[in-house]
Amino acid sequence: MKEIQFDRIKDAVAKLCIDANCLLGDDIVQAFKDGLKTEESPAGKDILNQLLDNEQIARKEMMPICQDTGWAVVWLKLGSGVRVQGGELYDAIHQGVAKGYKDGFLRKSIVKDPLRRENTKDNTPAIIYTDIVPGDGLEITVQPKGGGSENMSEVKMLSASDGAEGIKKFVVDRVARSKANPCPPVIVGVGIGGTFEKCAMLAKHSLLREIGSVHPDPFYAEMEKELLERVNKLGIGPQGLGGRVTALAVFVEAFPCHIATMPCAVNINCHAARHRSVTL
Amino acid sequence: MAKKITAPLTPETVKDLRAGDSVLISGTIYTGRDLAHKRLTDSLKAGEKLPFDLAGAVIYYVGPSPAKPGQVIGSAGPTTSYRMDAYSPLLMEKGLRGMIGKGNRTQPVLDAMKKHGAVYFAAVGGAAALIARTIKAAKVIAYDDLGTEAVRELKVEDFPAIVINDMYGGDLYEQGVAKYRRE
């Protein structure tokens with residue numbers, strides 16, 4: 001049994017919120033640079049250069065890459081041999097988010113109720129997903145998720161007879177209909193299988209993958225490659241001004257499925273695909 | 001070469017702008033997003049005075065992050081514009097002449113832009129730290145209780161934007177995507 005102090009978790013979450021929002025991942029920066037080589041549109045190239053400049057300013061001044069510092073989506077891998085000392089685990093997460101968003105001068109974007117819309121003023125609650133795993137570690141991943149790209153996301157209940165092509169058509173069409181709205185170049189997260197809500201979580205989780213990584217299953221690796229090619233033929237381009245680089249990556253996560261169903265979820269991420277992890 | 005323009009906008013400035021033009025905006029603009037738009041239009045419908053003069057005004061769809069000590073404003077990139085579409089035609093009828101955001105507008109907004117002579121600009125979504133450097137002063141002038149969604153008066157110098165929709169029906173998103181689409 002390993003004991004982890006409440007305050008240690010809280011402080012780690014606060015730091016992850018700040019770092020994720022101010023320091024863009026190396027894989028995204030590299031994807032912008034690679035995009036400059038393939039982008040044909042002068043306006044598209046100009047946008048990618050501005051995003052690289054923006055990343056540098058944010059890093060130097062520790063200010064948010066984007067003013068929408070997002071929902072704090074928190075993924076936990078909790079070792080079954082871990083016990084939290086001095087308080088409850090989820091309280092530590094929520095308090096860490098509140099601290100990080102205050103100390104880091106991050107925007108508070110959460111309202112208490114979807115219809116009455118009064119701001120909670122500390123960006124809580126966090127959205128927390130927990131996996132219990134063997135061992136005595138606690139891995140925390142903070143994935144700030146912007147609202148504009150979330151709005152372009154969708155779940156569809158397809159049938160087995162729709163096949164792989166049905167899935168592909170839905171994914172490409174979802175990006176096509178999003179046009180300029182979700183801040184392209186986007187990262188497209190695709191969940192296939194599971195239940196209605198499970199496939200949405202798969203899509204969200206897939207967005208944690210590193211750009212350039214290859215799916216371990218060759219079948220889905222090939223599907224990701226084809227989907228990226230088809231999406232980048234849409235012509236939407238950086239910021240929707242027209243161009244080749246509409247998406248930086250397409251990530252698929254699949255899960256077992258009921259004999260009657262084939263759900264598919266598309267979770268769109270803007271180019272500011274932010275996430276940071278730590279293991280305590 | 002970017003066109004240098006001044007806000008509030010004159011009718012001549014709006015007439016001179018075409019979809020695809022790069023502009024650098026200097027002068028005074030106002031921030032407003034979802035909840036501020038609802039309050040502004042509720043006020044107009046009730047015959048109340050607005051917190052700023054709409055004549056020639058430019059509204060920037062942004063909810064900035066908080067300023068750190070010594071900063072004028074935090075990160076301040078555009079939010080997606082279509083959520084303001086329900087409110088924009090009435091604001092244009094009452095004098096609004098420029099909107100800055102990102103993403104596609106719906107037909108009633110495009111129709112109102114033609115009818116009243118207004119222009120829609122996009123700023124680069126996600127380039128929020130870069131854009132903040134062109135904002136030289138910021139002051140909350142209404143709806144302070146809304147936090148980031150409050151209406152702010154911004155003094156800007158060479159704020160970079162691109163004309164997406166002009167008052168003649170030009171649409172840069174349509175033109176740009178058609179050029180690069182491959183079947």
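Is Arg117(A) buried, exposed or partly exposed? Arg117(A) is partly exposed, because 13 other C-beta atoms lie within 10 Å. Here a residue counts as buried if 20 or more other C-beta atoms lie within 10 Å of its own, as exposed if 12 or fewer do, and as partly exposed in between, with C-beta atoms placed from the backbone. Arg117(A) lies in the loop between α4 and β4 of chain A, and its phi is near 50°, a positive value in a residue other than glycine. Helices (H or I, at least four residues) and strands (E, at least two) are DSSP runs, numbered from the N terminus.

This is a predicted model, in which local features need pLDDT of at least 70 and side-chain atom pairs count only at pLDDT 80 or more, while totals for chains, interfaces and linings use all residues. Residues are numbered from 1 along each chain as its sequence is written, and chains are lettered from A and ligands numbered from 1 in the order in which they are written.

Chain A may now be viewed through its domains. The domain assignment gives domain 1 (2-20 + 65-145) and domain 2 (148-273); such bounds come from an automatic or database domain assignment. The C-alpha centres of domain 1 and domain 2 of chain A lie 26 Å apart. Eight residues from domain 1 of chain A and six residues from domain 2 of chain A take part in the contact between them, where two residues are in contact if their C-beta atoms, placed from the backbone, lie within 7 Å. On the side of domain 1 of chain A that touches domain 2 of chain A, strand β5 (residues 138-145) of chain A gives the most, with three residues.

Strand β5(A) also belongs to an open sheet of four strands in chain A, with the order β4-β2-β5-β10 and mixed pairing. Two strands pair if DSSP finds at least two bridges between them. In this sheet β4 (127-133) and β10 (276-279) of chain A stand at the edges with a single partner strand each, so one side of each is left without a neighbour in the sheet. Strand β2 (residues 71-79) of chain A and β5(A) pair in the antiparallel sense over eight bridges; Ala72(A) has Pro144(A) as its bridge partner in β5(A).

Another open sheet of four strands in chain A has the order β6-β9-β7-β8, again with mixed pairing. Its edge strands are β6 (154-158) and β8 of chain A, each of which pairs on one side only. β6(A) runs antiparallel to strand β9 (residues 262-269) of chain A, and five bridges join them. Strand β7 (residues 186-192) of chain A runs parallel to β8(A), with seven bridges. Within that pairing, the bridge partner of Gly191(A) in β8(A) is Glu253(A). Strand β8 (residues 247-254) of chain A is mostly covered, for eight of its eight residues are buried.

The two chains also meet. Their contact takes 35 residues from chain B and 45 residues from chain A. On the side of chain B that touches chain A, α6(B) gives the most, with six residues. Which residues of this helix are buried? In helix α6 (residues 172-180) of chain B they are Leu172(B), Tyr173(B), Gly176(B), Val177(B) and Tyr180(B). They lie on the same side of α6(B) because they cover an arc of only 115° around the axis, the arc being that of the directions from the helix axis to the C-beta atoms. In general, an α-helix has 3.6 residues a turn, so residues three or four places apart point the same way. The cover over the buried residues of α6(B) includes α3 (42-61) of chain A together with β7 (151-165) of chain B.

Pro66(B) lies in the loop between β3 (58-60) and α3 (88-93) of chain B and is buried, because 20 other C-beta atoms lie within 10 Å. Leaving aside residues up to four places away in sequence, Pro66(B) touches Phe105(A), Arg107(A) and Gly74(B).
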